[in-house]
Amino acid sequence: MTTLTVSDVTLTFGGLNALTNVSMEIKPGLITSIIGPNGAGKTSMLNCMSGFYHPTTGSIKFGDQDISKAPPHFVSELGIARAFQNIELFAGLSVLDNLLLARHRHLNYNFFQAIIYYGKASRVEAENRAFVEDIIDFMELEAYRHSVVGNLSYGVQKRVEVARALTLNPKILLLDEPMAGMNVEEKEDMVRFTSDILIDRGTTVVLIEHDLGVVMDISDQIYVLDFGEMIGEGTPEEVAQNPAVIEAYIGEE
Amino acid sequence: MIYFIQLVVSGIVVGCIYALAALGFVLIYKSSRVINFAHGQIIAAGCFIAYALTVWAGIPFVISFLASMVITFFLSMSVERLFLRRMIGEPIISVIMVTIGLMSIIDGLIYLTPFGSTNYSFPQILPEQPLVFGGISISWPQVMGVVFTALMFGGFSWFFKRSTIGVAMRAVSDDQMAAMSVGVSVPKVFGLAWAAAGLTAAAAGVIIGNITGLNFDTLRAVGITVFPVVILGGLDSIVGAVVGGILIGIIQQFASGYLDGTYGLAGTADVVPYVVLIVILLFKPHGLFGTHEIERV
Amino acid sequence: MKLSQKLLLNAFLVSSLGLVTACDNKEEAAPASTSSSSAAAQVYGLAFSGAMTGPTSDAGLPYSRGIGDYCSYVNDNALLGDDKVDCEIKDDGYKTDVTKRNFEGYLEKGIVAYFNYSTGSTLALKEDFEENKMPVIPASMHADNTKGSKYIFLPIASYSEQALGLAEYVSKHHKGGGTPKIAMFIHPSAFGRGPVNDVKRAIEKGLNVEFIEVVEHGKGLDNTAMLKRLQSKGVQYVISQTVQSPVASMLKDAKRLDLTASSFGEAGKLTFLGAHYTGGDDLIALAGDAAEKFLWVTSFRLASEKSEGSDFIKSLGQKYGRDVKTQESHNYTSGVLVAQIAVEAMVRAKAHGKAVTSATVTEELNGMNGSNAYFANTTVGPVTFDVNDRSGVDTLQLYKATNGTFFSENEPFESEFYKQLK
Amino acid sequence: MSTNRWLATGNFFTSYKEEQRIYRTHLDRSIFIVFLAVLFIWPLFFPVKNSTMLVIDNVMIAMIAVLGLNIVTGFAGLISIGHAAFVGIGAYAVGTAVTLLGKNHELIVYGWPVMILLGGMAGAAFGALVGLPALRLKHLYLAIATLSFQIIFEWVIMLMSFFDQGQTIAVGRVYWFGGKVLRQQHYTFWYYAILVFLILCGFMVRNLLRTRHGRCLIAVRDNDRAADAMGMHPGFTKVYAFIVAGLLAGIAGALKAYLDRGVGIESYTLHTSIEYLAMAIVGGLGTLNGSLWGPAAIQMLDLRVEELAELSGHYLPAELNLATALRPLTFGLVIVLFLMFEPRGIANWWRMFRSYTKLWPFRY
């Protein structure tokens, strides 16, 4: 099991610091949450971890591998997958194709085998289809298998988003506000999925979430960001007691 | 040395005309993110209208020049209304292809007129003798080109900074949805951008027509020549259009002045801008002045 | 389905159905023309495919009108007795693919002679002409057209011959000391480059001019660099082989830079000369005053000078409702000439008691020499072809632009070196 | 299991492999096989005129080229305004061989299938070169880069005397088992040759699209950030799209060189590029069968307009240029009308037709 270590990361956009000297450690086998008010730099942190942004200074290490300058496709290959806050699915494709796309790296036939199709390509496709079906079962998406993603409801799209990240078979799964904009039932489902991901599939989860109730319930470790700076860390109990965090959330009277 | 200076001056002067032709192109791109392939045809149309008014209707050149600009203003606006209004919200590739279709349609319409297959030239209205400074000469149509580029450049810069509609246009170019939500009429802005593009196209057309004569092929080819200019300057930058135009003008002059006739090369002025374009794109993907957008996930 | 989509679908279906029926019609039409061959009066097919739209349509359109009008004239005036010509004219938009399609269609209709247009398509279809033994008269006078071909007949002297004629004229009339220095201003294609090597070869054979530079023009809006360079190299004569528009730009720039010679061969200035497609009314239309003193060589008689030929062309144009601009265009005359040549060959075949076919037309064309030369009134010299020389009117006439019209300068002449080069 | 393999109703799959099939029912597959057979045998039963066959041949070549264009523009979403240059590269690969070896060299007249594949390779190599800017460039800038490549391609060919400065380089008549292919059989012979290549290319693209090599194109088009997160390098995927497009275009170009028996620049100009784009759009961007509908429809339109123009020439005054204006006018109108009213192209009509007949005799 590998640890994702973020040390002293600063991210600057045209003179503005999105993140300042943030350090955190994502330990395997836990659900780690990053919380903070709007604009605190949570998504920027996630973008840095997944290779979309590169920290201006500081480093991000996955195990021994430095990934601070690695592009997203490289990071995902290492086993860090993410689900996006604003749904970033391939809207014109079916749920099945969206998930199969996430198997891109695992479809190990070459171009010529692909154009001939019969033989290896067909066999590998079928094997991976089985894997994808597994995820579909896990995320309870059976009914939507052949639906075009763009036509599905928001809650289901969110679930597809998570399912697609899971299909990458990651070691660490980064979830960016998976429950935002959901109703209570959908939220409950998503919480269940999140803990199942860790328990059933053994995937480490990093969660960004606004609903503090959910965060406090399921997190093992919490980091609190405000204006790009780390203002608190620890278990849910510790964070709940932290005066800096309380101040950031409730504000000075 | 005087050869070199003459090349630079000619380059700048011709570049200004390119800039004028490119200005309309940039205006459309800036507000609606559309690459207008039919721009050469609009340039040609502007030129033909001015000729028809001057020679066939016998209206004084200055008036018909201005009138042609006004007519193209409205023509271009109606083109937008007829063909592009319906395309708002469609994928950008469809919109671009519409302009390619437009290119053909305007071709067809011009073939209906005598201009499609007959050559004409403007009567000698501007002074025949060129301006000469210390052995360097500039013809009057070229002077006109420089003056109009300066006017239009100044005008549009002011327009975008100060006037309400200009600010609205900038808002639309930044974010259509956001602009709509604060009450800016996006279709109206697009219409206006096209109309303004028509205006500059007519000016460019008349000036180029004065330089080359009225040959449909030559005039519509300007629409393609403009591409290196706008890419070099950055697709959405008015300053870029002017700087890019002048740079391409100078590059062309140097190419034909120094490259042609050496190493068996010939006609390099036509191709060097495109080579420059590709090199520029490799190192500065958004041109010299184009906006670089930060992508948010 | 939206109404608009329905409409589109319907329109498409109707048009595709229409295509099927149209194909049927064609198959009916083809035997109809051959079946009439048993009757006394016959219909002979002539056909043209050229650029009436697209690049060079300014020349192609009047050219096609010339062919069409002369064919109508032949039928209306019974030049072939009871027989008629059926002249089919199609636009190919300067696209070789379409030319090829048109030509295959014409072949199936059983034409006896074919008029082609551009240099590109003539070279592209050369093998097809050979295999079908089809006599072809193209609008392109590219010298290489006839190379390795027995069936391509150039109506007038080739571009090489024209450029050589101009170079010889320069060498003969050059005033002042030294060897006259020339440059060539050409189209960036084989059409423009064709004559360059022939001129260079003639110089090796003793033509007294110095060849300084070949300029291949682009689409740029300014020729300052090029003109200044030529001047600095001491060039005095610029021989153009291209189309009118770039020449017009160059002339305008030269005038602006005060580089245009006021008289032939003025020292330190440039004298401009050009081959067939560089001149004519179109040049004056484009260049205006800057075209003054431009020397243009061609083999045609012009409307500006009264002659039997120019009167004929005018009356022809009037008869078939052409505007003055078309009537006076040398491209119109040029179109008439190619039709004249083909019809003359047909008339001769008939007179010799032969059936009019592509083979007999070729035969008659190859026999057009010596006492059998064809004196078309539209040209300054006779049309002569033989098995080895298939360029028609070898006589050239120099025209000079004076007050916005081309008038003939000196007597008609022939290029001497061209014969030596062969 | 008593599953029904002939109709869509009651057709159940018991393995993933079964579901991956192109033809879901035996009926579909049978219809397709019969259709292919008809394509091969119809020239034997109808006397076909050369001019008709030439049109058909050119349409099929355009289909191969547009298949390539659809890969890059339709599926990968990168506008290419230089597709004719890719086709031209294929043709000029043959042209190069002719110039080096002579037009009747064995490799050219006997080894033409090899030459056609070589044309494809050359196209693919050029595609890689043109695609390189795609590593950095985003959509519209890339479109203009392809335009520049088109213009540079034309200029280079026109400059180099090696390529006869753009004039036609003649290609000899090819040999087949029956000996030399003469003029009378030429167009029919190439009909079969092109048909075979078209079917191969069609299946190649079809197979590609149901594997990762095809899906990644669509992924990059729809959302290149997400594609990146899924482990695809968006830049390389774009380059790869250009390579596949170049391969198909190169094959089309080499076929065209043989069909025309010559290579000249005039068939590979910017105008042709625009025509290919129009074909792709009218057919339906991002669909396989659209690549086949488009060229057929545009060619049909062209022929119809030609007849219409001829007809109007008989009835309208000589001075009206309607006949010459009709072609560009209708060409442009068709593009614009399709984009405005049927942006998914003819392929969408085909889809509607299919879904109507699929569950026949039941409506739903």
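**View 1. Chain B against chain D.** Together, chain B and chain D bury about 3900 Å², and 80% of that area is on carbon and sulfur atoms. Please keep in mind as you look around that this is a predicted model. On the chain B side, 52 residues take part in the contact, and they meet 40 residues of chain D. Salt bridges between chain B and chain D number 0. Polar contacts across this interface come to 2 residue pairs, with both partners at pLDDT 80 or more.

**View 2. The chain B face that touches chain D.** Which helices of chain B each supply at least two residues to this face? They are helix 3 (61-84), helix 4 (92-112), helix 9 (216-233) and helix 11 (272-283). Helix 4 of chain B brings the largest share, 17 residues. Sorted by class, the side of chain B that touches chain D holds 34 nonpolar, 12 polar and 6 charged residues.

**View 3. Chain A against chain D.** Here we turn to another partner of chain D, with 36 residues of chain A and 30 residues of chain D in the contact. Chain A and chain D bury about 3100 Å² between them, with 62% of it on carbon and sulfur atoms. Look for A:His104, A:Phe111 and A:Tyr117: these residues supply 20% of the area that chain A buries against chain D, more than any other three residues.

View 4. How many salt bridges join chain A and chain D? The count is 2. A salt bridge to look for pairs the side chains of A:Glu125 and D:Arg215, at 2.9 Å from N to O. Across the interface of chain A and chain D, 14 residue pairs are in polar contact, both residues being at pLDDT 80 or more. On the chain A side, the elements giving two or more residues are helix 2 (72-78), helix 3 (95-102), helix 4 (111-116) and helix 5 (120-138). Helix 5 of chain A provides the largest share of that side, 7 residues. By class, the side of chain A that touches chain D divides into 21 nonpolar, 7 polar and 8 charged residues.

**View 5. A salt bridge from chain C to chain D.** Over all chains, the whole structure has 53 salt bridges. In this view, C:Asp128 forms a salt bridge with D:Arg183, and their closest N and O atoms are 2.7 Å apart. This pair crosses between chains: C:Asp128 sits in helix 5 (residues 126-132) of chain C, while D:Arg183 belongs to helix 8 (residues 183-209) of chain D.

**View 6. Inside the second largest cavity.** The structure holds 8 cavities of 30 Å³ or more, and the second largest cavity contains about 170 Å³ of space. Which residues lie nearest the centre of this cavity? Among its 18 lining residues, they are C:Thr96, C:Ala124, D:Thr168, D:Gly264 and D:Ser267. Two or more lining residues come from each of helix 3 (96-109) and helix 4 (119-124) of chain C, and from strand 4 (262-263) of chain D. Helix 3 of chain C gives the most, with 3 residues. The lining of the second largest cavity is made up of 5 nonpolar, 8 polar and 5 charged residues.

How values were computed:
Residues are numbered from 1 along each chain as its sequence is written. Chains are lettered from A and ligands numbered from 1 in the order in which they are written. This is a predicted model: local features need pLDDT of at least 70, side-chain atom pairs count only at pLDDT 80 or more; totals for chains, interfaces and linings use all residues. Side-chain values use heavy atoms; hydrogens and water are left out. On a 1 Å grid over the protein atoms alone, a cavity is a set of points where a 1.4 Å probe fits but cannot get out, and a pocket is an open set with protein on both sides within 12 Å along at least five of seven lines; lining residues have an atom within 4 Å of a point. Grid points are joined across faces, edges and corners, and a volume is the space filled by probe spheres set on the points. Helices (H or I, at least four residues) and strands (E, at least two) are DSSP runs, numbered from the N terminus. Ala, Val, Leu, Ile, Met, Phe, Trp, Tyr, Cys and Pro count as nonpolar, Asp, Glu, Lys and Arg as charged, and the others, Gly among them, as polar. Contact means heavy atoms within 4.5 Å. Buried area is the accessible area (1.4 Å probe) that two parts lose on being put together, summed over both. A salt bridge is a side-chain nitrogen of Lys or Arg within 4 Å of a carboxyl oxygen of Asp or Glu. A polar contact is a pair of N or O atoms within 3.5 Å; within protein, one must be able to donate a hydrogen and the other to accept it, and residues adjacent in sequence count only if both atoms are side-chain atoms.
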